[in-house]
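Q: Please take a close look at the sheet in this model. How is it put together, and what packs on it?

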Amino acid sequence: LPSWRRGRDGAALGRAVHATLQDVDLTSGAELADLARHHATAEGIPGDHAEVRDMAGAALSAPSVRAARSGAFWREIYVAAPAGQHLVEGYIDLLYRTTDGFVVVDYKTDAVHDDAQRRRRAADYRWQLATYAHAVEAATGIPVLRCVVCFLDSGGAHEVEVEDLRAAMAEIGRLGDPT
């Protein structure tokens, strides 16, 4: 797949937002509007370029994305690692390193409208992010401190941290074990 399609699934709007966030300068936001227009057009939704711009712009002001700017970070990074008798793999939207370990950020363009809905949806993504965290730790030996679901809409970014990450990661690590 072309680099702008790696790790992308779902609706055209979400793919365009993710592609824009993969390419935009996280610090300055330079060329955000042009990138949003380009990726919206590439996804066949040129009329939605302003929504793509607004959602990607919201991500740039999210606390986790701002924190990523201060050190090493990677976008749309492929991860894979053994988990029990299985291989787990995926693409992390944003991975950054702090002095104590890694933080995983996953952008979502789900239509959610309040904090209660966001918490429920974040719980739905718990296994996905625990899988990413498990793979990062298995590959690097460096702990993942947090996983954050970053819900984006034209009104802003709303972050929800994955609850009980360590327990979820332990379950991922036991996948397929006969115990």
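A: Two strands pair if DSSP finds at least two bridges between them. Helices (H or I, at least four residues) and strands (E, at least two) are DSSP runs, numbered from the N terminus. In E4, Val 148 is the bridge partner of Val 105.

This is a predicted model, in which local features need pLDDT of at least 70, side-chain atom pairs count only at pLDDT 80 or more, and totals for chains, interfaces and linings use all residues. Residues are numbered from 1 along each chain as its sequence is written, and side-chain values use heavy atoms, with hydrogens and water left out.

The sheet is open. Five strands form it, in the order E1-E2-E3-E4-E5, and the pairing is mixed. E1 and strand E5 (156–161) stand at the edges. Each has a single partner strand, so one side of each lacks a neighbour in the sheet. Neighbouring strands are turned by 40 degrees against each other on average, direction ignored. Axes here are lines fitted to C-alpha atoms, for helices over the stretch in contact, and angles run from 0 to 180 degrees between N-to-C directions.

Strand E1 (residues 73–83) pairs with strand E2 (residues 86–97) in the antiparallel sense, over 10 bridges. Phe 73 stands opposite Tyr 96 in E2. Ala 83 stands opposite His 86 in E2. The two strands form a hairpin with two residues between them. In its turn, Gly 84 has a positive phi of about 60 degrees.

Next comes E3. E2 and E3 are antiparallel too, paired over four bridges. Leu 95 has Val 104 in E3 as its bridge partner. This hairpin has four residues between the strands, and Gly 101 takes a positive phi near 160 degrees.

Strand E3 (residues 102–108) and strand E4 (residues 144–153) run parallel, joined by seven bridges. Helix H3 (residues 49–60) packs on the sheet and touches E3, E4 and E5. Contact means heavy atoms within 4.5 Å. The direction of H3 makes about 150 degrees with that of E4.

How confident is the predictor? pLDDT is its confidence in each residue, from 0 to 100. The chain averages a pLDDT of 89, and 92% of the residues score at least 70. Over residues 1–9, the pLDDT is below 50. Beyond near neighbours in sequence, that stretch has 19 contacts in the model.

Note on methods:
pLDDT is the predictor's confidence in each residue, from 0 to 100.
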